[in-house]
Amino acid sequence: MVNDGRSLVYFLFLFSVDYVYSEDLKTGTSYTFRPSIQGTIEAIDWRHNGYLVVEWVPGSDPHFYRYQERASLNTKTGDFTLQLKKEDSGVFRGQFQVKGVLQYFERTIVVLDYVYSEDLKTGTSYTFRPSIQGTIEAIDWRHNGYLVVDWEPGSDPHFYRYKERASLDTKTGDFTLQLKKEDSGVFRGQFQVKGVLQEFERRITVIDPVSDPKVICEQNDMNITLLCSVDPPVQAEFKWRGPNGFSQSGNSVHITKEGDDNSVYFCTAENKVSQKTTEFDLNKCTHKDSEDLKTGTSYTFRPSIQGTIEILDWRHNGYLVVEWEPGSDPHFYRYQERASLDTKTGDFTLRLMKKEDSGVFRGQFQVKGVLQEFERTITVIDPVPKPKVTCEQNGMNITLRCSVEPSVQAEFTWSGPNGFSESGNSVHITKESDQEKVYFCIAKNSVSHTDTEFNLNMCPHKDYVYSEDLKTGTSYTFRPSIQGTIESIDWRHNGYLVVDWESGRDPQFYRYKERASLDTKTGDFTLQLKKEDSGVFRGQFQVKGVLQYFERTITVIGK
């Protein structure tokens, strides 16, 4: 602090400052540090990382030691304004004398180069357009620092990743990508024009769009709860509209139905990249008797009781769970460690749902001496784990099989190129050249939905012996996926003939007859497994005089 010759008496008053507020700021912007000083300021100094920037005392102009060409000081408020550069990152500290007492202000800032950011929808095609001026002599594009594609004149673009879903325009430098969620991050292009580099940078966040929202209704007498959700679940905000200007946010609304009310309510689900709306007619609302729930989740039974509850009890499959009366805490007979009761509403919440919680929950509530009842049947089901896709290839004929482990009840559907869609746990495909086609297996049940993608180029070639570990006592089918009408078959185990067949007669078994079967149309061979069945099974199939082969190694393991 500069003394202008006048005698200044400083009384040091230190504020207890444990927290230094920090803020990320953008290069090129103007930022004002606002200390909010109370009283008339008699002297000021501002420092950056300990170095004096500007000081002031009454009767003089502010004296700048640095940043004068891009900074200003308001001597009445102490506010300090700076046009930002990256090197301004650090701690700015102001000291202000008011009535001989020092007040302090401190702020940490991080000044960052600005990268334009955009939210985009999964599955869409997006083009990064650098708008390069002049003839491009060389290009490289990177994603989060990893090289994606480079190019120089006289050659084709060389892709290091994303080749099957990306393209590069070498004249403009435009890079187009079919988007997945994992593409989120920074894409950076570098372009040489007349020996000089030009750069382009863009940050994207790839977000799943919302599906059409689903509205379900829970009704207890005339009291209705509408619940809105999207499947598969994605980040979304929910808004409701209804009669007489009704408007509400959140995934649920509570309504009192009046008579044969046929009012229509609208639920809108939206996120940064999409918006979908579903309407629901209250006349479609019925008393909900049962619901499928997912293990590990929380669920609240909402009886929608009208009036002040005087006494209540909840039962599970007839067994008392909890009871309550005014003047006492709820008394739990079971599930206390994972349940809670709202005595005002009668709502009963059960956490970390287990499969053994399946059954009937029944609540009984006394209001003004009259009993009201609520009943709900739930079935608690394990969610499907991420499915696993295995591949069997014979020449260009491929069979994809989808399964989940541990095994739970699930339905399987497939999607793929050119609108391909099929149901069932397996699909048969004819591969065309080495094209990197991707297929998706979706496994779902009433409480969950998950998928896995499989690139056909990951399928083992015919000279590869696929190996699998299997459990004793189970039934296993070797599926060769033969194309065409089979004229003769033989199957061998570790080189020993097991069964052979030709048109016009029954299969001839040489071993395992009592626990094996052969499908002569498909060539599929099924065996009830023992540990001694471990080894290589090889099938030979004649179609139009030409032999096709299939080989599989199995290891049979005890239960």
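A: The model is a predicted one, in which local features need pLDDT of at least 70 and side-chain atom pairs count only at pLDDT 80 or more, while totals for chains, interfaces and linings use all residues. Residues are numbered from 1 along each chain as its sequence is written, and side-chain values rest on heavy atoms, with hydrogens and water left out.

The chain has 0 helices and 50 strands (DSSP runs, with H or I of at least four residues for helices and E of at least two for strands). Its radius of gyration, 36 Å, is well over the 24 Å that the globule rule gives for 559 residues, so the chain is more spread out than a compact globule (C-alpha atoms; the rule is 2.2 Å times the number of residues to the power 0.38). Along the principal axes, the C-alpha atoms fill a box of roughly 120 × 90 × 50 Å.

Within this setting, T452 belongs to strand β41, which covers residues 448-455. T452 counts as buried because its relative accessibility is 13% (buried means under 20%), and buried residues make up 43% of the 559 in the chain. Leaving aside neighbours within four places in sequence, T452 is in contact (heavy atoms within 4.5 Å) with K386, P387, V389, Y439, F440 and C441. With P387 there is also a polar approach, as a polar atom of the T452 side chain lies 2.6 Å from the backbone oxygen of P387.

Key: Buried < 20%, exposed > 50% of the residue type's maximum accessible area, 1.4 Å probe, protein only. Polar contact = N/O pair within 3.5 Å; in protein donor to acceptor, adjacent residues only side chain to side chain.
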